[in-house]
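Trainee: I am new to this one. Can we go through it together, one feature at a time?

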Amino acid sequence: MQTRFLLLFLANCLFVSVSTVKAQMPSITGFAPAAAHPRAVLTIYGSNLNTGTGARHVFVGNVKAQVLSVTSDSIKVRVPFGATVGPVVLSANNKTVCSNLHFVPTYPASTATPSNLNFWPTEGDANIVQSGMRNNYAFKSADIDNDGKVDLFTKLTILTNTANLIYAPYYSKIRLFKNISSNSGGISNTNFNGPYDFIGDSTISPGNYNFIGDFEIGDINSDGNLDIVARIDSGIVFFINKGIGISTTMFSRILIQGIEFPIMPTSISPVSALVLKDFDSNGKLDVLVTTPNSLIVIANNSSSTTINQSNFQVNKLVTLPYRSASWNIASEDFNKDFKPDILYYYTYSSTTNDTLFFLQNDFGNSSSILDSNAFLAPIVSKYLLTPITSKIEDFNQDGYFDLATNYAQTKLAFQSNAGGVSIGFSNSSNISIPTIFGWTNIFDFNGDGKIDIVFNNSSNYSLQKNNNDPSGPVLASLFTSASYSRPTYGIDNLGPVCDLDNDGRPDLVTVKHEIISSVMSGRLLISRNTYNIEPPSLPTTAANVAYLYATSLKLNISAPGNGTGRVVLMKQGTAPITGTLTNYTYYAATQNYNTSPSLSDGSKVVYIGDTNMVNISGLNGLTSYQIKIVEVNGWANATNFFNTSGYTLSTTTLPVTWLSFEANKVEKDINLTWQTASELNSQSFLVERSFDNLSWQTLGKVKAAGTSNQMHSYAYTDKNPALVQPPASTVYYRLKQVDFNQDHSYSSTVAIPLQNSGTSAQEELIITAYPVPFTDKLSLEIDKEESYSAVLYNSFGKLLQSNQSNDGKVEFNTQHLSSGVYVVVIKTLTGDVKVVKVMKE
């Protein structure tokens, strides 16, 4: 991992030094870490990342990520559930830019091998039957409606049997299944709504050909919604996502047709005939497709999120050496110049078919137009007989894309990228595999951050665990294998590998075609990954109650362990927590003591997550609670808890939840006001005053509300306190809350300046605090350029920070503070004192 990150970093530096980026054009030059589990923080590096005022939309493997922070040269996001291996994509201000290397989603594990991986075949559960239809060769996953759950896409084909048109009026369509799983464990047919069907060309009458050859998913118009681009038998169709959720009207359709797109044969061969990449570096995804005799690029020249046919320019790149529908294409940046190159090859079985062709992208040097001159002459690489499909990934994590190609149906060959400015690959290293038909997919199946491979034959699928590293070329001998069978239905095709139930582990979609009621039909079958996640090895070692109220508290976990997250258990009373968590069990923790699930000893599972500041509500006032913090690896129903150890502490809630306590000077008097959100057995408030913040005297008593969960307001006036002690410059106040059993607690302390020798009434100190309300930083200025101290307190009088100013200005770092009311006390060298109440958003 460290080696790959270093290479990514060096590539970033190289790119910045040699490239010319358009003004205000964002770019992604790298990311770290190279592999991470869901909800981990991923840092994206680049330039102009905060340009403009629009939202930043970040996609990781076709799933939108939560953006945590944005600067000009970095964006921090959380890795989303369901992400697949793929580029990191940013859409912002009408531009879409991608990383040149792929991010690898992973999960916590350390002892997995192919022999102990566990895929549970949900034969009777996730078994979606498509009557009279075949799901042919094109399978995708994406969170198309941005709801945090991965949806499934298939290409549906009726074949050429017109009798099957009783099941669907068109020969081919894209079919979408919406994921509505509850994330609480298991996958079944009820987890998917639909299907929702979309035809390629709405001008074609039902009963006539309307074939879809291939399709891809990406943000074509840079609006933060994923779109679909499909190769149909008469051209290209763009399904532009309106962002209104999944329905039959969720897309607007743009059809590109012309003489450049001769009618595609009605072949159903497993051909990758469409690619989405930004070939001309203008911040827009272009489309690369095949025709029977050429490579065609559809350049995307749109400048806003509203697009139409006029935004696309069709150009021919290459005349293919053979006229056929069986050309495969792919595109990645092979030589790390931040320009996507092109790979194409012929998949038809022939003794003379042994060649891979590479087009090196030279846009901006040899041509400023995205046409045939923008690419160097094809680089020919002699290969072995009949290449069928290729996967392009960095298998040895050296920062360069390698090739894994199935050829002659029984071989899987690996070629290492030699690196450098020119495109070149080492000699192949081969694995003999069972007869397959070209369906290969990739993912990190065992959580070690390396890209593994899965392929299928007619009855089972095999995993190839990747053990390569950057120390050498990709070697077939460093892959270990295991086979898994489909006991009931068998397998015809492989679908996407993605986490469908948000437990952090990649699940596998497979397809079986069979005769059902005398009609060829298709089944979508899901193998759920139930591999045992390794537990964390280091527990939490320090935590404290940061804020304490009558019915709630905030827990600060200051030294967490090394799990992906942690669990907070709470128990009322003084008895220790002895209950343990059951591994791989879903606990619906609510952060409310009353509604969270219980363990055997009566303790409550109040929180499961990965933050270090946890708010817990639903507590009783003046009550003791035991707290235990347990490290965890995993998520929801796929969790391995660190039950052997945990950090424990205890606390007792307060009788009163304070909302505010303020002091305001009205002429010579001081008006005191305070509010409570809840009170328990509260008898009275004693108002206390001090002139030195050390010795206190009681001024009066105010009756309290007793026991109440409603807000109450109180007031008390101190008449001309300056007469009591004329030399005093400051007077301090606090409230002593007394219960019916005579127990008591104190409020925060407030201070207010009196008339003093340093400042006359006409020269009262003026303080400006900004922004209002503040967020990550609080700034203060006084109207005099002199030295002063500034002390920041919370609403309970706890000192949080203190600063010294010599020029009238001071700043507090408030990133770690929660929302609420705070108090700043300013004191100058001449004795002036001012109290400022501020609020954090």
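Trainee: Are Phe81 and Trp635 buried or exposed?

Mentor: First, some ground rules: this is a predicted model, where local features need pLDDT of at least 70, side-chain atom pairs count only at pLDDT 80 or more, and totals for chains, interfaces and linings use all residues. Residues are numbered from 1 along each chain as its sequence is written, and side-chain values use heavy atoms, with hydrogens and water left out. Buried means under 20% relative accessible area, exposed over 50%, partly exposed in between, with a 1.4 Å probe and protein chains only. By that scale, Phe81 and Trp635 are both buried.

Trainee: How many aromatic pairs does the whole structure hold?

Mentor: Rings of Phe, Tyr and Trp (its six-membered ring) pair if their centres lie within 6.5 Å. Planes under 30 degrees apart count as stacked, over 60 as edge-to-face and the rest as tilted. The search of the whole structure gives 26.

Trainee: Why is the pair of Phe81 and Trp635 called edge-to-face?

Mentor: The ring centres of Phe81 and Trp635 are 5.9 Å apart. Their planes stand at 90°, so the pair is edge-to-face.

Trainee: How many residues apart in sequence are the parts that Phe81 and Trp635 tie together?

Mentor: Helices (H or I, at least four residues) and strands (E, at least two) are DSSP runs, numbered from the N terminus. Phe81 lies in the loop between strand E6 (74–78) and strand E7 (86–92). Trp635 lies in strand E43 (residues 624–635), so the parts are apart by 554 residues.

Trainee: Which residue has its charged end over the ring of Tyr400?

Mentor: A charge sits over a ring if NZ of Lys or CZ of Arg is within 6 Å of the ring centre and within 35 degrees of the ring normal. Arg734 does this over Tyr746, at 4.1 Å from the ring centre. Over Tyr400, at 4.6 Å from the centre, sits Lys336.

Trainee: Which residue stands opposite Ala299 in E22?

Mentor: Start with strand E21 (residues 294–300), where seven of seven residues are buried. Strand E20 (residues 286–291) pairs with E21 in the antiparallel sense over five bridges, and the two form a hairpin with two residues between them. E21 also runs antiparallel to strand E22 (residues 312–319), through seven bridges. There, the residue opposite Ala299 is Gln313.

Trainee: How many disulfides does a search of the whole structure find?

Mentor: A disulfide is a pair of cysteine sulfur atoms within 2.5 Å. Cys98 is partly exposed, at 31% relative accessible area, and Cys498 is buried, at 0%. The number of disulfides found is zero.

Trainee: Which residues touch the most other members of the largest nonpolar core?

Mentor: A nonpolar core is a set of buried Ala, Val, Leu, Ile, Met, Phe, Trp, Tyr and Cys residues joined through side-chain atoms within 4.5 Å. The largest has 27 residues. Those touching the most other members are Phe414, Ile453, Val454 and Tyr461.

Technical notes:
Pairing = 2+ DSSP bridges.
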